[in-house]
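Q: I am new to this structure and would like to learn how to read a few of its features. Please show it to me.

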Amino acid sequence: MEVVCACEDESVILSVAKDLFQKHMLSVKDPSLTLRMTRPYAQADKGETYSVNYNELRAYNQASGFTGLMLSFAGRRFTKKVMIYFKNDFDGLKEAFSSLSIRPKRICIVGDTNTVPLYGDLVKCVLSKVFDTVDVYAFPVGEENKNLHAIEGLYLFLLEHRYDRKDCLLALGGGVVGDMAGFAAATYLRGISYVQVPTTLLSQVDSSIGGKTGVDYLGYKNMVGAFHLPEFIYTNPVTLKTLSDREFTSGMGEVLKTALLADGNFFEWILDNMDGITEKDDKIILEMVRRTAEIKADIVARDPKEKGERALLNLGHTIGHAIEKSKNFTMPHGMCVGLGCIAAAAISHSRGLLETEELYEIRDVCVMFGLPIYVDGIDSKEILKITKSDKKMAGGRIRFILLEEIGKAFIADDVTDEEILSGIHFINGDVNGKLFSRDSGNYYSGDALYGE
C-alpha cells in the first residue's frame, strides 16, 4: 500500500509515520525522518513516488490543508489507486475530480430520501463546476429497500437519461446507499465509474472502503453483489453532526470492532477520548475516522478480494448478521456487530485466549458508547441456524473470527456449534440478561434500547 498523508496537525503525521515504520523498527521521533510517499493529486494516477522529508511534508500540509490516504490494489492485470480524502466540507470534491485521469461529462448523485434533502444541493453546487450535467436520484431510505427492485428503478433512471460507460455515479449517503449505488455502477452497462461520499460514521469507517457492493436477497444480507472499486472516497466528518444518536452509536460498533481486531493502542485511545467522541469534537472525530479507515484500508489493500487476511474485518459479523436477520433488519447494523464482537470475545475467553478482565473490558466499552450488550427476543438455536447461511462459510464450515488479545484477531475454522451457542447465550437477554438490570446498562429489546 502507498499512503499519502498531508495534515497540518503534527501529531497526525507522527501517528501515520509510526504506523508505517513500526514494522521496520525505525525512529519516528527524529524530525529528519524520511517517508516514502506517493505524489498527491495530479501525479497520483501516474504512480510516481519520491522521498519527502518530514519538514517538507509538514510545509506541504500547511499549504494544502489536505488529509488523505491512498490505496494501491495490485492484481494480475491491473493496479488501481483509490484516494481517500478527509475534509470538513464538500468544496474539495472539485479538486478530487480534477485529479482523475477519467473525464466524465455527466454525473448522477445517488442518495436516499434522507441524504438528498440534507446534502444534495450542496454537492450539486460543487459538481456543477466540474460536470456539464448533474442529476440527482434518491432511493427510499432504509435497509428494507436494499433490494434488486430498488436497483431496477435506478437502472431505468440512467437509461432514460442516456447514461453511458463514460459517465459516473456518486454515492451520497450511508452504507445502504453506498452498497446500492456501487452495485448499480458495477452492473449497469457491465460497469461504469463511481465515487463514494459517505455521510454516516459506519460508512465512513467501514462500508465505503474496499469496493464491496451489493443488495440483500430473500432476507439474506448482501447475498447478491460484486467487488467494484470507486475512483475515490471523499469523507466529510462534519456530516456526522446531523446523525441521530442511534446512528452514531451504530457506527461506533464498527469503530470498536476495528480497534479490537488490529490495534490495541487505538482501543486505548478510544477509551481516553470517550468524552470528545461522544461530544463529536471535530478534531477528535477526524482522527478517529481517519485511523479506523486507515486500518481497514491497509488490510483491504493487501487482500482486496478477501482471499485471506481481509476476513479479519468480519469480526462480530457472523453472529451479528444472524441477529440482524432475525430482527428483520430493525436493529442497526453496528449494534448487531457490537453484540457479535462480545459473543466472539466470550468464545475467545472460553478457549483461554482472553483474560476475564479483557472480556468484561470489551463489554464495558460497548456500554460506555451506548451499544447494547444483551438482546431480547432471540432464539439461540435459530441464530445458530442462520449463521449456516453466512457468506463467510468455507468448505461447509464457518470462518469465525476470534481474538488472541485486544488488538489481535485471527481466523478460526474449527469453532464448533456448541461454542457458537455459548457465545450467543452470553448476549441473549432472555438467557443471560436476567442477571443484569436493564437500569444499569444497555439492553436491546424490540425497538427500544434501554440504558440510553
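Q: Where does Leu189 lie?
A: Leu189 lies in the loop between α6 (175-187) and β8 (193-198). Helices (H or I, at least four residues) and strands (E, at least two) are DSSP runs, numbered from the N terminus. The model is predicted: local features need pLDDT of at least 70, side-chain atom pairs count only at pLDDT 80 or more, and totals for chains, interfaces and linings use all residues. Residues are numbered from 1 along each chain as its sequence is written, and side-chain values use heavy atoms, with hydrogens and water left out.

Q: What is the phi of Leu189?
A: It is near 55°, a positive value in a residue other than glycine. Arg190, in the loop between α6 and β8, also is not a glycine and has a positive phi of about 65°.

Q: Is Arg190 buried or exposed?
A: Buried means under 20% relative accessible area, exposed over 50%, and partly exposed in between (1.4 Å probe, protein chains only). Arg190 has 77% and is therefore exposed, whereas Leu189, with 34%, is partly exposed.

Q: At what angle do helices α13 and α14 pack?
A: Axes are lines fitted to C-alpha atoms, for helices over the stretch in contact, and angles run from 0 to 180 degrees between N-to-C directions. Helix α13 (residues 333-350) and helix α14 (residues 356-368) pack at about 175°, with their axes 9 Å apart.

Q: Which residues of α13 and α14 make the contact?
A: Contact means heavy atoms within 4.5 Å. Gly338, Ile342, Ala345, Ala346 and His349 of α13 meet Thr356, Leu359, Ile362, Arg363 and Cys366 of α14.
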